[in-house]
Structures are given as C-alpha cells and as structure tokens.
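Take a look at the sequence and the model below.

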Number of protein chains: 2
Amino acid sequence: MGAAFLDMDTMKFLVNHVHCLNELVTSERYAHHDTESLNLFLDAVLDFAETSLYPYFREMDANPAHWDSGTIATHEQIGEVIRKGAELGLLVAPIDEQDGGLQVPFTIHTAANAILESANNHVPGYLGLTLGAAELILRFGSEALRETYLSKMLGGEWCGTMCLTEPQAGSSLSDVQTGAWPDPGGYYRIKGQKIFISGGDHQHTDNIVHLVLARISGAPAGTKGISLFVVPKRRLAEDGAMISNDVSTAGDFQKMGQRGYCTTHLMFGENDDCRGWLVGAANHGLSYMFQMMNGARIAVGRGAAAIAVAAYQASLAYARERLQGRPIENSGKKDVQAEQVPIIQHPDVRRMLYLQKVITEGSMSLVLQTAYYVDRMRMATDLEERNKYHLLLEILTPVCKTYPSEKGIEAVSNGLQVLGGYGYCDDYVLQQYYRDIRIFAIYEGTTGIQSLDLLGRKLPMQDGKAYQLLISEMQHTIREANNLQPLISYSEELNNQIKRLHSVSMHLLEYARKNEYERYLADANLYMDLFGTVVVGWQWLKMAIIAFQKQQEKAVQYSDAFYQSKIHALSWYYKYEMPRTTALAVILTNPQALTLPGPDNF
Amino acid sequence: MGAAFLDMDTMKFLVNHVHCLNELVTSERYAHHDTESLNLFLDAVLDFAETSLYPYFREMDANPAHWDSGTIATHEQIGEVIRKGAELGLLVAPIDEQDGGLQVPFTIHTAANAILESANNHVPGYLGLTLGAAELILRFGSEALRETYLSKMLGGEWCGTMCLTEPQAGSSLSDVQTGAWPDPGGYYRIKGQKIFISGGDHQHTDNIVHLVLARISGAPAGTKGISLFVVPKRRLAEDGAMISNDVSTAGDFQKMGQRGYCTTHLMFGENDDCRGWLVGAANHGLSYMFQMMNGARIAVGRGAAAIAVAAYQASLAYARERLQGRPIENSGKKDVQAEQVPIIQHPDVRRMLYLQKVITEGSMSLVLQTAYYVDRMRMATDLEERNKYHLLLEILTPVCKTYPSEKGIEAVSNGLQVLGGYGYCDDYVLQQYYRDIRIFAIYEGTTGIQSLDLLGRKLPMQDGKAYQLLISEMQHTIREANNLQPLISYSEELNNQIKRLHSVSMHLLEYARKNEYERYLADANLYMDLFGTVVVGWQWLKMAIIAFQKQQEKAVQYSDAFYQSKIHALSWYYKYEMPRTTALAVILTNPQALTLPGPDNF
C-alpha cells in the first residue's frame, strides 16, 4: 500500500508526465541526471518521510517548540531530520555542481520537499530556510562569507533563517528600523529586534546564521535604505573559539498550528556586541532578500499543497472504511434493514472528497508548473528564453503562493467535515491539518500582499508581457486539447474563462490608467481568486490531456482507473469550481467603490 | 465603551426595531412584559456576560474539560454560571408562566443567549441543554417525571443532556442500538453507549438528567422503533437516598475548540442496573427529540453567529489601533516619510471587516428572525396562523442553523487574517474563535444533513407551502423597500435573486418528480448556500429599511453614523455576497451528474 499521507503515483505522474521531467534531463544543465535516478531519489525521500518525519507529526503538535530560559526547546527528532536530510542531499540538491551541489532539477527538489511536508509540515522549514539562507550567501556574499558559512550550512552543521519582520512594521518593510553601524573592523554593529522568525533558535546545531534586513545609519527612508547582513548566533573570535554574537531569544510565539516549527522573537545587540557582515552592496538588501523570497513563496504554496494532499489522503481512507447510513433510493426512501454502506458512497461525501482532490492535485500541479519554469529559466541558453521564463515566474509566483494556501484551507475544512464530529476531535489528524494550514495564507506575504503584487505589479509589468506569456502557455494547452475529442468542451471553456479574465483585467487596468490606484487595487484579492481559479483550470486540462493520451496508448505506468480519475476530476473542476469566476467577474466589474478609505462605518 | 465581544447597539436594533419586539409585547401571550423591562433584562445579561463569562473565556481554552478517573473535570466557573444564570432566570425565561416560567418572548431568550455566547461560547450550552431537556419532560413527560425533575432542573440544581449519537451510527439515527427492556417496576432497564454527549458529566450539579434515545426490545427497525427515556445519572432509591443509576463516563473527546464545553462518552447499564423512564409513547422518541432538536438547531446557528460577532469586534478593535503601512496614492506611489496609518484605512482590511460585518450581523438577524417566528407561532390564536409560522420555521430552521455556521467560519477566518501573523498566535483571541466556530457546522446535524432537510423535506413539504410562505415574507419586505427611493435598486435585486432561486428550485424538483432522488439531492449543500445567501440578503434589506426610516425620522436611539453603517453594509452585501448566487445557479443547473455513487475514482 501507498503512504498514509501522499499518493505517490499522482506525484510521479505530475513530475514525470505532466511537467515533463524527461525534457529537463535532456538539457545541458541537467544532463548528468536521468529520470530513473531522479525517481529513485524521490523514492528515497518518501522512505525518509515515512520513517523519520511522519511518525513524529502528532507528537510535535502535542509537544510544541517553546521558549525555555532564553532558548527554544524543540522536538529532538528535528535534529535527526536535519542530519539525515543533509546526508540524503536535501541541502545541496538544487545547488549548482560548481558550488558543491547536486544540481538536480528544481522540479525534483520541489517534489522532494512536498513529500516531506505531506508527512510532517513542522520540520522541513528548518532545512528549507538553511538552504535559502545559504543560497543568498552563495549568490551575493563575499568570498570570505562563502568560505565561512557555506560548507557548514550545506552540510547541516549550522542552520539559517531570514529576519524581516519587526514589531512596528509587520508587512510594511519600509518601516524596518533595525540599525547597522559600520565598524573599522570590517563588520557592522547590529541593533534591533525581529519577530516571527521561523526556526530562529533551537538546540540542534552549533550555530544559526541569520540573514537580517537592517538599515545602515544614515541610509534613505523606505525600502531603498535597507541592507542585508549575515548575523550569526555565534561568531568566530580571534582566538578561533566560537563565542556569542549577542543574538538573544526574547521569546517565542505559540501558534494555533505548525507547533513543532518554532516562531521566535530575536534581539540583536542588546549588549552592543552584535556583529553583522554586509551581503552585497549597501541599500540593496531588499532586492537580494526577494531572490530568496520568491523561492520562499513557491515553498509556501508547496507546503500548503502538501498539507492539503495529506488531509485528502486521511479523509479518503476514513470515507472508504467508515460505515454509516444507506443510499437514498430513487423512490426517495431508504431501506433501513439493509447494511450500512461506506460513507464514500454518499453524494455529499463524494462532493467533499472531489473538492479536496481537485484543489490538492491542482495546487500541487501549479506548484510543480512553477518549479518547472524555474528549471526552464535556469536551463535557458539565450537571454530571450531566460527572460520569458523569468516573466512567467514573476506572474505565477504570487498565484503559486496563494491558491494552495487559500483553497487548501477550504480543502482541509471539507476533509475535516468528511469525518463529522471525529474530524473536530484530537483522536483524528484532520483537526491538526486544519490548524496547520491556516498559517500559509499569512507566511511570506499575506494573501492581501500577494494579490497587490499580482494585480499591481505583475499584471502591468513590461506592458503586460508576463501576463501575455502566461496566456500563451494556456492557449498552447488549449490547442493540444483541441486535438482530443473528449476534451474539446473543456478547452473551449478554458478559452472562455481566459476571455473573461482578460476582460476583467482590462476593466481594472483602466482605473490604473486613470490614476485611480486605490480603486484599481481595492479588490485585488478577488482578482487573485479569479486568476488562480483559471490557472488551476489550465492545470487540470494539462493533467487530463496526459491522462487521456496515456489511456489511449494503454500506457502501463498507471491503471486505467487512475487515468479515468484524472479525467473525472477535470469534469468536476469545470462543473463545480470554474463557475465561481462568473460571480467574481460580476463583483470585480461592479463600479461601486465600497472599500476605499473613508469614514469608520463599521 | 461597549463590551469587547459584542455591539449591544446592533443587538438592540435587531431585537427592538428589525424584529419588532414592540409587536410581540402587544400580544396576549407576552402582554405581561414591556419592551423597557425586556431591554433591561438584556442589559442584566450583558453585565452577567461581562463579569462571569468573558473573563474566563481564554482560561477555559487553555485548561480544557477533561476525563479524570471516571469523571469529567471542568472549569470551576461553570458551576458559578449555572447558579447565577438560574438566579437571573435564564433557565425559566422561555417557559410558560403556568409551568413556573417567566414566559419571555423567545426572541429575548435568543438574544440573551447570544450575548452569553459572544462572551464565552464554552459555557452557555450547560444551561441550554438543561433547559432543552426540561422542556421535553415538561411537554411529553408524565406527571411523575415532571414532578421529579422539573423544579430541580429549572432551578439549576440538576443539569440535563440529550443523548443521540452512538459509535456505529453517527448521523444515521436509524441505527441506534441502545436497548431498553421493560421492568415490572414501571421503568426500563437501559443498556448501551452514547458518544459526543455535550455536558455529559461534570462536578457542578448533584445530578445530570440524560434524555436518551433507545430501542425497546422488539421495536421495529429504523427510526420508527426509537423511544425516548429519562435516564438520570443518579436515581432516588426507595429509602429516599440518591444512588448511582449505573451511568458511567467512559471517556471524553478532546476537541480543537470549545474546550471548556465537555464532550463525553457515556455507558449506560454496564452493571445491568441502569433505569430509564419512558417519555411519552413508545416508538415516538424521535419526533419528541426533534422538538428539542429544532430549538437546538436554532441555538447552534445562534452560537455560531455569536462567535462571529465576538471575532468581528476583536478584529475591528485591532484594525482601529494597529498602525501599519500607508495609503497607496492615486499615482500608485506611497509616501514612505509619512506616518503609518491604522490598518482599517487599507481597502483590503476594510473588505475583510465588511465581510465580517455583513456575515455576522446578517446571521444574527436571521437567527432573531427565526426566533421571532417562534414567538409568532406561540402567540397565534388561530390554527391557520399557527400553521403559517410553523411552516416558516420548518423551512428556515435548517438555514438558520447552517448559514451562521458555514459563513461564520469564513467571517472568523477573515477576522484572523486582519491580524496577520498575530491572528495565528495564542497571544490573540482570534485563533480561539477560529477553532471554536468550526464545530457548529457539525453539531446537531452537519451541514450535509441540514441541506438534505432543506431541499429534500422542507422545500417540497405541503406542495411547497413553507417555501411559498417564506417567499411571500421576502416579497413583503421588497414592497416596503419599493417605497424608499434609495433602496429600490436593492429591492429589485432581491426580487431577481428570488426568481433565480425559484428557477433553480424548480429545476431540482424536476429530478424528484422523475424519481431521480439521489440526483435531486446530490448538490443539496450548494442549494443551501444559494438559499442562505438570498435569505440573508433579505435580512439586510430589512435592516436597511429600518435604518433608513429611522435616519429619515432623525430617531435618536442611534447615531446617524450607525444608520449609515447599516445602509453601507446593505450595499456591500449586494455587491460582494449576492453575486455568489450566479455561480451557484450555474452549478446547480448543470446537468452533469458527477457525485453519484459509483466507482472509487478518487
């Protein structure tokens, strides 16, 4: 039998067939890999997830990470995952070979992390942040910084974090106040505090390397005066000893979910002895951080999709086993003498499970689509192609972050409902998934922030080029589907949906052209919802095309029932989810302005 | 300042003006009350809520009720609330004077409980179930049962519960197996187990009186063989001593929320010494229980609305104080040198708060509308009028249970999002509301069950008479609004919405006529969503009519800003919520059948 938390067949179907791993490994960049070995890598990751992550998932919730006398106590197994994960190559997988990495396709790296997160979403962040921080140092740090930090971090000996948020600033990074004062010793003295720092402190590694946004004294106001610093928890003294770098843990945040993944409040330089080393050029910190942030946003979408996947598996297993009630016969009666049936036979339970399926698999496909574009960008041999994939990523990243996070909540909530009262009780895992997934719409830029990004920046960028490229990608899929008779009605529907999206986009852009910016952006969240619904509709058409083709070819990788389930899910998505755009378009084109700043009429 | 958990002005506006308390007190049934004293009663309840319930709300979550050596330990304050609540008259408020009650309008009883639940939703259930159980004994029990139990229960000395669910049956009451064997002593021997019993055990009263569904030996299969029994935890021995009645507490369910409100697993007759007393006639238990159940369903909607109200107040207070970010100017830029503004000035935050407002106040209005119909039914002096209100209640009860429960989750989730990361953290209360409210879509018949009830039973009942009566009520409101120029566009829209609802209803009923019952009911949940959205749109039109009239009259009960806020909320609901029906109608009239029992294609 498969894993309790993941349908590995679907994951491999997505990676290998829908998102064409075989195309990636024919490129020069990934030619040293082949699909077989990469699939074996995913199998090894699944094995790791089953043995080292999943068995600790409930425990980590029941025994949350917590502040204790100036440090954060986290579950012991987290140390084990960091060590074994490093051995398995998870910290070097996407790093270039020239930098000591395995240079595996980002698509594989993404799938591997999704497998881990499906098993236990409380742990992979410790690895992910370490890798992200290391990548920033690798990319923008000086040779000295690279030498000091990289091998330790990529070897899993030291962990990493990113420190953006401050109490007074929240999402408003313009208001970052942590200060940095240049010291003749070649470093900066850092002073300030950061909150909501994931993985900010724990007992598992000798050092934790913080990548900190701070403002060099005298720097301009706003985001243009923000610089990036490496600020380790411990630094190397002149005598070679590791000493405290005056980074202290003031407290932690106890959360509703993801309780094994610590969220900390850090103080830098309380004793005026905190040193930071500038990464790259002064005042360019935010643009560097956003290199990491784009990856982090894809990772947030991936994590949400992974939780939704796990919740779906849990609901499905319950619905297949739980006997309750009987079918309503066509007469409208029930035969109370008959045996009870598994609840998966009840239409409303099926509706909830299909909803889970289309959201979770659609989300995972969207995440892997985004990862595939990362690979295509990295593989690109000319500037135009590179730019094409860069733009596709620009427009798709906020959607990739948001759709799985927002719709994932809905999927998991329906999954909980499948179990009835049991879903709400600690005896079953659904309530944990329900609590865990709620943070994803907040992490790394809330849905509001992502939506402003999509509508305010990404849609109009380069005269709409990113947007047009994405539509071309969708139209390419539509043309493919037009060759397959049973899919034509869906390709036509997707085409209509794109037209609707386009007309709404044009309607909104008109406000921007008239310099009515607040109005332009007021309903950005609803625009995101519309956009994501169409994009995931595209993903379902892609999945169905492959399923249909493989079914026709009688390809033996998967069963006929497997292919059929994907085609059924396409129909389901187009019946139940796509029409939501009808309402969204009505709202978005309604000329009444009802949310602009104004009187406190609440 | 007002209470932290409730806008009392809105509550009184709804009770007194939208739902016409003055009409109720002119009836013979309620003539012994006047609006002033009833409003003072609500003030006293608010005071009780502020002093005895709200201060313990977070504590009860942090220290949940739990099983301990065969009994359930609950928070000490619960005993205090039961005693003081009884003193305040909360256990006798809706009981007729002839039965020793205060005979206050059910509308007032409903508002009073909503106030308590806004303050702390973990406690009022102990009172509510006691009252519900007492009402069943009062209505259907023998003189002996009434004498033994009523004064103790209504005095708050003994609590009550209702015991329906069994492990193997869940929502399928046909499968209740708890057995009852007649004994020559005039009682029955009861044996079986019940799960998910709210308030099933605690240390606060000398006795707990369970109303238990069980099957008398030899009774028919299905729901037609179910009888209702009074089964106390302790019974009176022949010598007058209170002795154990062989009801034991096997365990409890630890829940994601409402953790102060215990949920227990009870064993009846493990030592073959559990006695139960039949209520009413044998095999009619379910119809009696449903008398209580209808009230319980209104109470569930009320509780969900109350939590959403409290969450709205918490989000609103935060948004008014929290400084973060700056307005986007019409040029699309922000002035980073300017002071940060309260987040309530950001359009997306406003959108979330208005969404909370329209759902919470719309839900509370719907609940009070339902309560008002209960009063009208009780006041009715002729059979036709009584039947009219009975039918209105039949069709509105499942909606009243479901809309606040389902949309309340959405409202609270948006409220949590207003706080960003803080909303997810234990330091703020939003995460507790988010966890607490999730149970309401499950309690007392899940949303799936309520939706089958609405579409499968209530819509077609008496040839659609209940449905037609409800539409007439809505059309009455439309006619009123047609006389008020600024509201005409909304009354026209409501009229269109009713037409859409009607055409969907007719479309679905056609399946029933063709004896395609499974198909008819397959999308009942979506029909419920459509129905509820229209019904709450009606409530908003009612609220706006009163607000507009009072504004015109320059009525001084409330400020002009208060009236204006209700009219703005109407516009908001009609722009942002009503169009959802467009999508729902498309889905509900789509002829594809994709959720009927069939292959396991998940």
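W181(B) stands opposite R189(B) in β5(B). This is a predicted model. The partner strands here are β4 (residues 179–182) and β5 (residues 188–198) of chain B, and they pair in the antiparallel sense over four bridges. Their hairpin has five residues between the strands. One residue in the hairpin, G186(B), takes a positive phi near 95 degrees.

β4(B) also pairs with strand β6 (residues 207–216) of chain B, in the parallel sense. Here G179(B) stands opposite R215(B) in β6(B).

| Strand pair | Sense | Bridges |
|---|---|---|
| β4(B) and β5(B) | antiparallel | four bridges |
| β4(B) and β6(B) | parallel | two bridges |

Now to the core. In soluble globular proteins, nonpolar side chains tend to be buried together. The largest nonpolar core of this model holds 416 residues. I115, F229 and A308, in both chain A and chain B, touch the most other members. Which residues does F229(A) touch, leaving aside those up to four places away in sequence? Among them are A180(A), Y188(A), I190(A), V212(A) and W277(A).

Finally, the two chains meet. In chain B, 78 residues are in contact with 78 residues of chain A. Several helices of chain B each supply at least two residues to this side, including α10 (347–379), α12 (430–437) and α17 (524–552). α18(B) gives the most, with eight residues. The side of chain B that touches chain A divides into 32 nonpolar, 31 polar and 15 charged residues.

Key: Residues numbered from 1 in each chain as written. Chains lettered and ligands numbered in written order. Predicted model: local features only at pLDDT ≥ 70, side-chain atom pairs only at ≥ 80, totals over all residues. Contact = placed C-beta atoms within 7 Å. Nonpolar A, V, L, I, M, F, W, Y, C, P; charged D, E, K, R; others polar. Pairing = 2+ DSSP bridges. Core = buried A, V, L, I, M, F, W, Y, C linked by C-beta atoms within 7 Å. Buried ≥ 20, exposed ≤ 12 C-beta atoms within 10 Å, placed from the backbone.
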